[in-house]
Amino acid sequence: MGTRFGMKRDPRYDVLFEPVKIGPVTAPNRFYQVPHASGMTNALPRVRAAFRETKAEGGWGVICTGACSTDPSSDDSPLPFATMWDTNDIRAHAMMTEAVHRHGSLAGVELWHGGASVMNRTSRIPPLSPSGIPWMATHVGFMGNARPKTMDKSDIRDVLRWQAEGARKSRTAGFDIVYVYAGMGYLGYEFLLPEYNHRTDEYGGSLENRVRFVRELLDVTRDAVGKDCGVALRISLEELRGRPGRHQPSEAHEVIELLADYADLFDVKMDSSPTDCSASRFTGEGSHEPVIDFVKSLTKKPVVGVGRFTSPDTMVSQIRRGVLDLIGGARPSIADPFLPVKIKEGRHDEIRECIGCNICISSWHDGVPVRCTQNPTAGEEWRRGWHPERVDAAKKPGKVLIVGGGPAGLECALTLGRRGHEVTLADKGTSFGGRLTFETRLPGLSTWNRVAEYRLGRLNEMTNVSMYLESDIGVDEIIDLAPDHVVLATGARWTRMLYSSMEIPVGELDHPRVYTPDDIAAGRLPEGPTLVFDFDNYYMGGVLTEYLAQQGNEVTYVTPAGQASAWTIMTNELPLVHRALARRNVRVTTLHMLTAFDGAMATLTHLFTGETFRIKCRSVLVVGLRMPRNELFEALTARSEDVSAAGIKSIRRIGDGLAPGAIAHAVHSGHTCAQELGGRQYAPYRRDTPIVDAEPEFKSRAAAE
Ligand code: ADP
Ligand code: SF4
């Protein structure tokens, strides 16, 4: 592979490799993996340790956990949160800190109490809050919300005690940095905002009073571990920045001023997942700056922040301009755990840049370990033994033909090439990228092209990979080429299938003015007014609606789901999709199925009541079911004798040609195939288990009093 260790880094980037003192500990450089959800609970300690270790190996100077609950009264289930409750938890986390320390990096723990934002579904303890106000976010899984309990003084003392105990357990587990969390609607944050905090005691009212609880959390943490560990404050500043202060421009300024000396590190961020971890479709790199830019002017302590930083020039500029001291990364560290090493070695073009698709955060909402579109090895380090930069050489290098150069084919070619196979990659299109060649031209999706660009850049450096465009490959060509292995990455096509009241796809809609996304991709645009019928429910229906509306087409968007692009709630995009459609004057009709179309009128039927109404439209675009392009596979199967005679040992389908899905799945499928070629496809993986070194503890709360 194209590693050029001889290359020197540009001295311009030296500043990124300076150590930074965080209280009693020192970060070896400015690359700071801020706390981020990994979906790896304490039940997956080895998966988690290996996931975090890979980033330390890749040069991140600080590696943090995700939210780590200090007490069962902070229980986010079914979301996959971490805990610091007992001895087994300490052991589970110690695996991670040891792994991180092996590479000379610091380990940080984000101690967390969710307050009113958690439902305590498993622990069944009433959620705690400053004043009994629940958190009702447009987010996943917050229904059936119990109204939280108003905390009395003894509850406040309890939370402070749990924080201190959590800090001591964290130190025992080997952490170097211990967090106090006052962000994202969680308990500390709820005390800061008067909407949540109606208290009339010393914890409510004036800003000084509202800050008191957070300051006490910092105090107890420092008392518990401050000599050995850096104490970090993670705080959301978006809402506070919008509120005028009494003697400072905003309450955010005043909060930082009041706490300036209480933390060793300020980790500053936005208030809710959709703005904090915003998708590239709607937000660019460095989007937090207007909210957090002032913090360094009010404290001498180091400041870390994020903003999907992938360009070393942007990072240097953040430091030079005095915005940040440490370059925070969550998504960029998932997409490329080796980003710091690559900058250090001047290998910038090898950076696997995050595309901002937010499939990673969808994994958290799905309650599973993190998945990444760009980095198929994320979460697979331990259980499948994969590494983002290294792959085992093939025991028997062979000739492999890959048909189709979309995300699946490109990833498969790259990984097979790295393993030393002789690879031929052919695509019938005029450029590589498959579905991306069209989709990245749609509103907001250009960044996604990095999936193809990163792989094409690496493939072009490989001498054992030959790439052919405008090559429509059929059975005869395959038999003539007689490779050892054939990989079919031929993608999927959109169908004209409709949707039934049983909520499954049914019968095709037959009319000359019924279109699919494939028609739009081929440049066949519908005559308006157009009705977009979307039951794919991810980005495609919404983004094509925007695209058509942008071109002056009058569009109505209809979906049987409850919201437009309903699944984008998982990727933090949903509120912004609705905003984008509203801006383009698109009429959105939810809970309706398209049931008939005659070229002038469409009939819509309510999913639950069966009531119908008609709407005028000249064309219909169905964004519904995708089916694999299977013709080549079927033709090869039909000629199995000729295939064997040609010496072809295996034929595999990958990506959308096997099971249509999101790009992340296609990339993962391509990678899996390359790792397992010659063996069993989707071989079993190692299964992690919780650590139960200690007999589970039981100390009843009543007994503790
Ligand atoms: P995936 O997401 O699984 O990678 P895509 O639809 O993005 O799938 O890419 C499939 C690619 O396969 C497209 O670029 C298409 O042009 C190509 N392709 C499909 N059938 C053939 C074929 N018979 N010969 C060559 N290329 C093909
Ligand atoms: Fe970035 Fe997408 Fe990977 Fe998340 S899943 S790290 S947003 S590329």
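**A close look, from the inside out**

T299 is buried because its relative accessible area is 6%; buried means under 20%, exposed over 50% and partly exposed in between, with a 1.4 Å probe and protein chains only. Before going on, please keep in mind that this is a predicted model, in which local features need pLDDT of at least 70, side-chain atom pairs count only at pLDDT 80 or more, and totals for chains, interfaces and linings use all residues. Residues are numbered from 1 along each chain as its sequence is written, chains are lettered from A and ligands numbered from 1 in the order in which they are written, and side-chain values use heavy atoms, leaving out hydrogens and water.

Where does T299 sit? You will find it in the loop between α10 (295-298) and β12 (303-305). Helices (H or I, at least four residues) and strands (E, at least two) are DSSP runs, numbered from the N terminus. A polar atom of the T299 side chain lies 3.0 Å from the backbone nitrogen of K301. That is a polar contact, a pair of N or O atoms within 3.5 Å; within protein, one must be able to donate a hydrogen and the other to accept it, and residues adjacent in sequence count only if both atoms are side-chain atoms. Setting aside residues up to four places away in sequence, T299 touches I256, A260 and F266, where contact means heavy atoms within 4.5 Å.

Let's follow I256 first. I256 is one of the buried residues of α7, along with E251, A252, H253, E254, V255 and L259. Helix α7 (residues 251-259) has seven buried residues out of nine, so it is largely enclosed by the rest of the structure. What surrounds it? The buried residues of α7 pack against α5, β10 (230-236), α6 (238-241), β11 (265-269) and α10.

A nonpolar core is a set of buried Ala, Val, Leu, Ile, Met, Phe, Trp, Tyr and Cys residues joined through side-chain atoms within 4.5 Å. This core has 77 residues, and those touching the most other members are L16, F213, L233, I235, L237, F266 and I343. Helix α5 (residues 207-225) gives the most to this core, with eight residues. A second, separate core of 57 residues includes L410, F438, Y547 and V667.

Further out, we can look at the ligands. Which residues come nearest to ligand 1? They are A408, D427, R435, I473 and D656, out of 20 residues around it; a residue is near a molecule or strand if one of its heavy atoms lies within 4 Å of it. A backbone N or O atom of A408 is 2.9 Å from an oxygen atom of ligand 1, and a backbone N or O atom of I473 is 3.0 Å from a nitrogen atom of ligand 1. A polar backbone atom of A489 lies 3.3 Å from an oxygen atom of ligand 1. The protein covers 92% of the 580 Å² of accessible area that ligand 1 has on its own; such areas come from the Shrake-Rupley method with a 1.4 Å probe, and for residues only the protein chains shown count as cover.

By class, the shell around ligand 1 has seven nonpolar, eight polar and five charged residues. Here Ala, Val, Leu, Ile, Met, Phe, Trp, Tyr, Cys and Pro count as nonpolar, Asp, Glu, Lys and Arg as charged, and the others, Gly among them, as polar. Around ligand 2 there are 14 residues, with C354, C357, N358, C360 and C372 coming nearest. That shell divides into eight nonpolar, four polar and two charged residues. Helix α12 gives the most to the shell around ligand 2, with three residues.

Finally, a word on the backbone. Most residues other than glycine have a negative phi, and most peptide bonds are trans. The peptide bond from S77 to P78 is cis, with omega near 10 degrees, and P78 lies in the loop between β4 (62-69) and β5 (82-83). N537 has a positive phi, near 70 degrees, and it counts as buried because its relative accessibility is 18%.
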